[in-house]
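This report describes selected local features of one protein model. The sequence and structure are shown first, followed by the computed details.

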Amino acid sequence: SAGIWSPTASEAGVGASMADYRGFMEYEHLHRAIFLMKLPYFVADMLCAYLLTRLVAPARRFAAAAFWLLNPLVIYATAIFGRHDVLAILLVLLALLAARRATDAGRLAGLVLLGAATLMRFFPAVIVPYYLIAFRRSRRQLVAAIAILGGLWAVVELAGIAGTGDSPTLEILNTHEHFQNW
């Protein structure tokens with residue numbers, strides 16, 4: 001990408017200039033570059049459709065896959081807009097499949113996958129309380145899961161403070177557009 005964008009294209013407050021956009025649009029291999037940038041999202045979409053078929057009864061598998069693959073929101077978000085939300089959704093589906101194994105290792109793996117999904121996009125954090133309630137076997141297990149999540153949050157928080165000097169949690173709460181609406 002060094003030949004496409006100027007050095008100031010990624011600077012906050014400066015951004016890409018009209019010349020940058022012209023250079024991007026005139027790039028000789030633009031279609032290939034866009035295809036390759038969206039290819040991981042397409043693969044994740046296919047995997048999401050497959051995983052959805054594992055979560056429903058065999059008679060409904062085709063309908064579940066079709067609902068995902070033909071959904072206009074999915075098509076727009078992934079294929080047209082190129083958002084990476086599908087990667088977090090893939091991890092959420094993997095978390096559900098891991099937890100459905102009904103073993104403690106499966107539940108823990110699901111919780112870790114849900115945590116990884118939350119690091120990619122914030123919306124899976126909303127699912128965590130429901131996940132903990134649905135897949136706990138005892139009050140002790142629920143407390144242990146909350147302690148693990150609190151510990152992971154503390155590690156991310158301390159790493160953020162050590163790396164940037166700012167709290168990632170406060171940064172999200174102060175700048176994330178959805179929290180601004182609250």
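## Asp-85 and its contacts

Beyond its neighbours within four places in sequence, Asp-85 is in contact with Arg-121 and Phe-123, contact being defined as heavy atoms within 4.5 Å. Asp-85 lies in helix α5, residues 85-99; helices are DSSP runs of H or I with at least four residues, numbered from the N terminus. With a relative accessible area of 18%, Asp-85 is buried (buried is under 20%, exposed over 50%, partly exposed in between; 1.4 Å probe, protein chains only).

## Basis of the values

The model is predicted: local features need pLDDT of at least 70 and side-chain atom pairs count only at pLDDT 80 or more, while totals for chains, interfaces and linings use all residues. Residues are numbered from 1 along each chain as its sequence is written, and side-chain values use heavy atoms, with hydrogens and water left out.

## The nonpolar patch

Phe-35, Leu-36, Leu-39, Phe-42, Val-43, Met-46, Leu-47, Leu-69 and Leu-70 make a nonpolar surface patch of about 820 Å². Such a patch joins nonpolar side chains (Val, Leu, Ile, Met, Phe, Trp, Tyr) within 5 Å, from residues with over 30% relative accessible area and no salt bridge (a side-chain nitrogen of Lys or Arg within 4 Å of a carboxyl oxygen of Asp or Glu). Areas come from the Shrake-Rupley method with a 1.4 Å probe.

Helix α2, residues 30-55, gives the most to the patch, with seven residues. Phe-42 belongs to this helix and is partly exposed, at a relative accessible area of 47%.

## The segment before α1

Gly-15 is found in the segment before α1 (18-25). Apart from neighbours within four places in sequence, Gly-15 is in contact with Thr-8, Ala-9 and Asp-20. Gly-15 and Trp-5 are ten residues apart in sequence, and their C-alpha atoms are 9.9 Å apart in space.

Conventions:
Patch = residues over 30% accessible without salt bridge, like charges linked within 9 Å, V, L, I, M, F, W, Y side chains within 5 Å. Helix = DSSP H or I, 4+ residues; strand = E, 2+ residues; numbered from the N terminus.
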